[in-house]
Structure formats: structure tokens, C-alpha cells
Amino acid sequence: MARMVTTRRKVISTVAAWLVGFLIFFPILWMVLASFKTELEAFAIPPSFLFFHWTTENYATVQERSDYFHHALNSIIIAGGSTLIAMLIAIPAAWSMAFSPTKRTKDVLLWMLSTKMMPPVGVLVPIYLIYRTFGLLDTRSGLIFILCLGNLPIVIWMLFTYFKEIPKDILEAARMDGATIGRELIYVLTPMAVPGLASTLLLNLILAWNEAFWTLNLSTLEAAPLTVFIASYSSPEGLFWAKLSAASTLAIAPILVLGWFSQRQLVRGLTFGAVK
């Protein structure tokens, strides 16, 4: 029998949820507000929250100093390309581990997860030398490759978890009807796992979009995404807080809009299989 929830408890829960949400969102809000301040107002103590001289000068300066659209295009191509390739590899890999496991399946899954425990800086030198030898430095294809490999273990693990929740009887029925492995993946498994696939794709896209370590070390200008665009406003002369905030706001705007419109699908995918 369902437990009754009092009005007082609903109000307290709602207020607490809004407070936690505000605390989490506050740094982003402060960054957006700082992007409309002058450099002096951005450094002012005590800081002003809403009552200051609003200006869009920082956005104009950022666009003049750095080509935002060039960096944004690189981010879209690199994040989208690495996500697409990772999904194409991970879907059949997770399918085989979920529905045709072997004695070594668990060992392979643990090994893939263990690769995420090593700091990326531990393999920076060999990766850099390999990229220099094969001419992959400051190229979109090089960044797509390294980001795909970096996020692939997480993608496979998430898809494996989602696929395990799908009843095997449905796939066995499809095989009895003569479905090949390819048709089983495309016409049976994929439609049933749409929430899981969508959430995995979105999270992988966000991880690739926000990746800073590899993009800062393996790109300079031609293939530089928005993470390099933001880092350019931290210089030996100091931090330009207002301009840095404007650059950061421009960098997170596309992925923030995407996350806002896809939040329902994301939450649905993350809770996929949680309630029987």
C-alpha cells in the first residue's frame, strides 16, 4: 500500500530540492553574470550581483581575439565524431557481452574499467610521440581517435548494463523467426534500448565536449576546440575574469541547450531498468 505524503513534507522536499539545485547552478549563474561586467567590476570586493553596469564588450572582444565559430565547429566535429565511432563499436561489443558471455567476459569488463583508473598524464609522452610520428598532432582525426578510446570503456559498461535488463526471450524469439545478428541488433535490440542508447550518447557527447587534457596537449590552432579557446584567456599577465567568463559562457551554451532539451530522455535512460 502506498504511503501517504503530507503537504508539509511536499513543501519541505520541494524547497530543499530548489535550494540544492540553486547551489549547484550558482557557479554557472555567477559566470554568466561576470561575463557582462567590466574587468574592474569582476574583481570588485564585495562583488555586485545584479546591480552593476551591464556590458557586452567582453563578448565582442572574445570574438575579435579568437574565432569562436572555428573552435565551436571543431568541438562539434570532434565530440560528435568520437561519440559516433564509440557507439558503433560499443553496441555490438556490449551485445556480445550481455547475450553471449564467455568465461572471460567479466575479466574483460574489469580490464576496460581499470584503464580509466590511470591518470591520462601517465601516457601523455608515448601518445604525443606516436601522434608526432604519424602526423596526428593538431588534427581533428587525432583528437577524435583519442577521445573515442578514452570514453569507450564507459560507453561499453553503460550499454552492457542496459542490455542486461532486456529479456533474452525476445531475442531468442527473433532468432527463431530467422533474424540474423545484424537484424537482431538493428530491428529488435536497438528500439528496445532507445532510452539507454540516448543517455549513453548524451553523456559521451558531454564528456568529449568537456575534455581538456588531451585537447590542450595535442592541439594548438587548426583542430583546437572550445576547451583550448577558454584556456587562451589564462595567461602570464593574469586572469581576465570577465573575458574568461564570456568565453566560458559561449563554450557551454551549445551543450547546455542540448542538455536542457534532452533532460527527460537523459533521466529516463539513467533510470532504465531501475524499477521493475
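Trainee: Why does D138 count as buried?

Mentor: D138 has 18% relative accessibility, and buried means under 20% relative accessible area (exposed is over 50%, partly exposed lies in between, with a 1.4 Å probe and protein chains only). So 18% puts D138 in the buried class. Before we go on, this is a predicted model, in which local features need pLDDT of at least 70 and side-chain atom pairs pLDDT 80 or more, while totals for chains, interfaces and linings use all residues. Residues are numbered from 1 along each chain as its sequence is written, and side-chain values use heavy atoms, leaving out hydrogens and water.

Trainee: What makes S219 a buried residue?

Mentor: S219 has 5% relative accessibility, so it falls in the buried class too. Its place is in the loop between α11 (213–218) and α12 (226–231).

Trainee: How do you know which residues S219 touches?

Mentor: Contact means heavy atoms within 4.5 Å. Leaving aside neighbours within four places in sequence, S219 is in contact with D138, L143, W214, A224, P225 and V228. D138, where we began, is one of these partners. The side chain of S219 also reaches the backbone oxygen of T215 at 2.3 Å.

Trainee: Which helix holds T249, and why is T249 called buried?

Mentor: T249 lies in helix α13 (residues 241–261). Its relative accessibility is 13%, so it counts as buried. Beyond its neighbours within four places in sequence, T249 is in contact with M31, V32, S35 and Y59.

Trainee: What makes one space a pocket and another a cavity?

Mentor: On a 1 Å grid over the protein atoms alone, a cavity is a set of points where a 1.4 Å probe fits but cannot get out, whereas a pocket is an open set with protein on both sides within 12 Å along at least five of seven lines. Lining residues have an atom within 4 Å of a point.

Trainee: How big is the largest pocket, and what lines it?

Mentor: The largest pocket has a volume of about 570 Å³. It is lined by 21 residues, and T115, K116, L149, G150 and W214 are the closest to its centre. Helix α7 gives the most to this lining, with nine residues.

Trainee: And what about the largest cavity?

Mentor: Its volume is about 40 Å³, and the structure holds three cavities of 30 Å³ or more. The lining of the largest cavity includes S75, I78, W209, T215 and P225. T215 is also the residue whose backbone oxygen the S219 side chain reaches, and P225 is among the contacts of S219. Helices α4 (68–99) and α10 (194–210) each supply at least two residues of the cavity lining.

Definitions and conventions:
Points joined across faces, edges and corners; volume = space filled by probe spheres on them. Helix = DSSP H or I, 4+ residues; strand = E, 2+ residues; numbered from the N terminus. Polar contact = N/O pair within 3.5 Å; in protein donor to acceptor, adjacent residues only side chain to side chain.
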